[in-house]
Every structure is written in structure tokens, then in C-alpha cells.
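Hi,

Here is the structure I said I would pass on. Could you look through it when you have a moment? My notes come after it.

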Amino acid sequence: MKKTLVLIFLLALFLFTLVACGGGNTSDDGFDTSRVIAVFTREDGSGTRDAFVSITGVGDNMYAEAVVENSTAGIRTNVVNNPYAIGYISVGSMNDTVKALSVNGVLPSDDTIRSGAYGLQRPFTIVYNAENANNELAQDFIAFMLSSEGQNVAATNWTRVNVNAPAYTTRGLTGTLRVGGSTSVEPLMQRMKEAYEVLNPGVNIEISGGGSGTGINEATSGVIHIGMSSRALRDNEKENLTDIDIALDGVAVIVNPENPLTNITIDQIKAIFTGETIRWNGIN
């Protein structure tokens with residue numbers, strides 16, 4: 001009788017340990033697929049979020065438990081620090097601390113973004129008001145970004161909008177430009193600034209972030225000369241602003257490198273970011 005009770009106790013202890021440790025759901029590399037997915041998203045007003053929820057069909061139904069971050073760096077840092085996290089960032093902001101998933105079997109790259117094969121993509125846009133349409137320095141910087149020299153800068157981590165862009169000719173202008181907005185566009189704009197200032201040493205370009213909504217609002221009011229946006233202008237915004245695409249960018253769905261997942265479908269992304277799928281073993 002005692003032996004039977006001991007065996008029952010040991011069996012119960014084994015089953016408890018198995019469940020507690022996620023037994024039966026741990027892959028060969030130690031990733032526990034029974035764990036809850038830690039979902040990270042951008043804030044309202046983010047152009048990256050706007051593009052992501054529109055393309056994936058998440059819309060206004062973002063998972064209530066998703067953690068909101070107000071920058072690309074914030075999303076990336078959380079995914080780096082959590083093996084069970086998922087988020088999305090600009091392809092141009094990718095580095096080897098996180099892993100981009102292929103979407104519907106296609107990895108984001110210059111070729112797949114340009115061809116449209118990679119479905120999660122959007123333009124990087126600059127915007128300016130009527131006053132700055134006549135600002136000589138602002139328009140010269142824009143001409144640089146659309147030139148062959150500027151498009152070569154765009155090609156370093158992003159995708160050109162024009163592979164046959166004309167050459168840029170410096171005019172020797174001087175002064176200060178204020179540019180602000182999307183944190184996804186900001187790394188590209190920083191490189192554009194550096195290349196432009198080499199050719200125009202008398203010009204100082206000040207860059208600030210804040211998100212696409214901030215860039216659009218501040219460009220409208222004239223607080224900045226040029227706004228950065230990673231989403232298209234809405235109809236009411238077009239009344240006061242001119243918009244120009246300076247590059248194309250993919251939205252990378254990112255996970256921790258410890259996650260064995262390599263591919264995800266649009267439907268699976270939608271299920272995760274709306275809260276329909278909450279555990280990694282729910283991705284089939």
C-alpha cells in the first residue's frame with residue numbers, strides 16, 4: 001500500500017513538473033512554445049504602426065495586452081531582451097540583435113521590396129507647407145535627396161524610389177534647416193544630412209524625432225521646415241502640405257534570435273496582434 005502511495009506521489013510530482021516546465025512544448029533548442037507571446041507595438045500616430053495595422057488587417061483591433069513603445073529603438077530593445085517577444089520595425093533599422101521573419105515565405109530585401117513581393121512595405125515621405133515650398137535651402141536639400149547622390153544614400157539600407165535620378169549640383173547655400181518626425185525615417189535622414197553637409201559646409205541641418213504625426217503637425221504649423229513621415233498623408237493633411245517619397249522601406253516583423261520561427265503569414269500576424277493567438281504553439 002505504501003509503495004503504491006509513493007508511486008502515485010512520484011507520478012503526480014512528475015506530471016506537475018512537466019506541466020510547470022512546459023513539458024511536451026519545448027523544442028530541441030530549448031524554446032518553450034507554450035509560453036505567452038509578448039507583443040510590442042508602436043504608439044498611435046506612428047507611421048510604422050499605421051502601415052502595419054493597415055496592411056495586416058489589424059486595424060483598430062490591436063491586442064489589449066500589447067505593450068506600446070514610442071520609438072523604433074524601444075521595440076527593438078524589448079525584443080532583444082525577451083526571447084518570447086514579437087514586434088515590428090523599419091527594415092532600415094534592422095541589426096543582428098534581432099531576427100526578421102519572412103512573411104508569406106518572402107524575406108524583406110531591396111529586391112523584394114522594389115518588386116512588391118514583400119507585402120509589408122511603405123514609402124518614406126517628406127512633407128512641407130506652402131511657405132517652405134519657396135524656401136531656397138529646404139528645396140535644395142530636397143533636390144539632393146532626390147538626386148543620384150541622395151538616392152545612393154537611400155540604397156545603403158533602404159530602397160531607391162528612382163534608380164535613374166539626376167546628379168546633384170551644389171549651389172553654395174548657407175543657413176539652418178529644421179527637420180523632424182518619424183523615428184523610422186530618422187536614420188535615413190541622418191545619413192542624408194551628413195552627405196549633404198559635406199557638399200554644403202555652410203548648412204546645418206537639425207533633426208528631431210517624435211513620430212510621423214509630430215512631423216506632419218510641425219511641418220503644417222511651420223515649426224520645422226521639413227517633416228518626416230512613414231505613412232501617406234490623409235486627405236485633410238494634403239490641404240496644407242506637399243508630400244514627396246524619398247525612399248521605400250519594408251516593415252520587418254521581428255523576434256528574438258533564440259526563437260526558432262523563421263516564417264509567418266499575414267493571417268498569423270493578424271491573429272497575434274489582435275490577441276486571437278496568445279501562445280507560440282498557436283502558430284501552426
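First, the ground rules. This is a predicted model, so to speak: local features need pLDDT of at least 70, side-chain atom pairs count only at pLDDT 80 or more, and totals for chains, interfaces and linings use all residues. Residues are numbered from 1 along each chain as its sequence is written, and side-chain values use heavy atoms, with hydrogens and water left out.

The largest nonpolar core has 29 residues. Such a core is a set of buried Ala, Val, Leu, Ile, Met, Phe, Trp, Tyr and Cys residues joined through side-chain atoms within 4.5 Å; buried means under 20% relative accessible area, with a 1.4 Å probe and protein chains only. Ile 86, Ile 269, Phe 273 and Trp 280 have the most contacts inside this core. Two or more residues each come from helix H2 (47-56), strand S3 (85-90), strand S10 (242-255) and helix H10 (266-273), and H10 gives the largest share, 4 residues. Helices (H or I, at least four residues) and strands (E, at least two) are DSSP runs, numbered from the N terminus. A second, separate core of 27 residues includes Met 145, Met 189, Ile 246 and Ala 247.

Strand S3 is worth a look: 6 of its 6 residues are buried. S3 runs parallel to strand S1 (residues 38-42), with 2 bridges, and antiparallel to S10, with 5 bridges; strands pair if DSSP finds at least two bridges between them. Ala 38 has Ala 85 as its bridge partner in S3, while Ile 86 stands opposite Val 255 in S10.

Next, helix H7 (residues 186-199). Its 14 residues should span 20 Å at 1.5 Å a residue, and its end C-alpha atoms are 20 Å apart, which agrees; the expected span is 1.5 Å times one less than the number of residues. Leu 188, Met 189, Met 192, Lys 193 and Tyr 196 are buried in H7. Seen down the axis, the buried residues fall within an arc of 140 degrees, so they line one face of the helix; the arc is that of the directions from the helix axis to the C-beta atoms.

Finally, Phe 124 sits in strand S6 (residues 121-128) and counts as buried because its relative accessibility is 0%. Leaving aside neighbours within four places in sequence, its contacts (heavy atoms within 4.5 Å) include Trp 158, Leu 188 and Ile 246.

Best wishes

How values were computed
Buried < 20%, exposed > 50% of the residue type's maximum accessible area, 1.4 Å probe, protein only.
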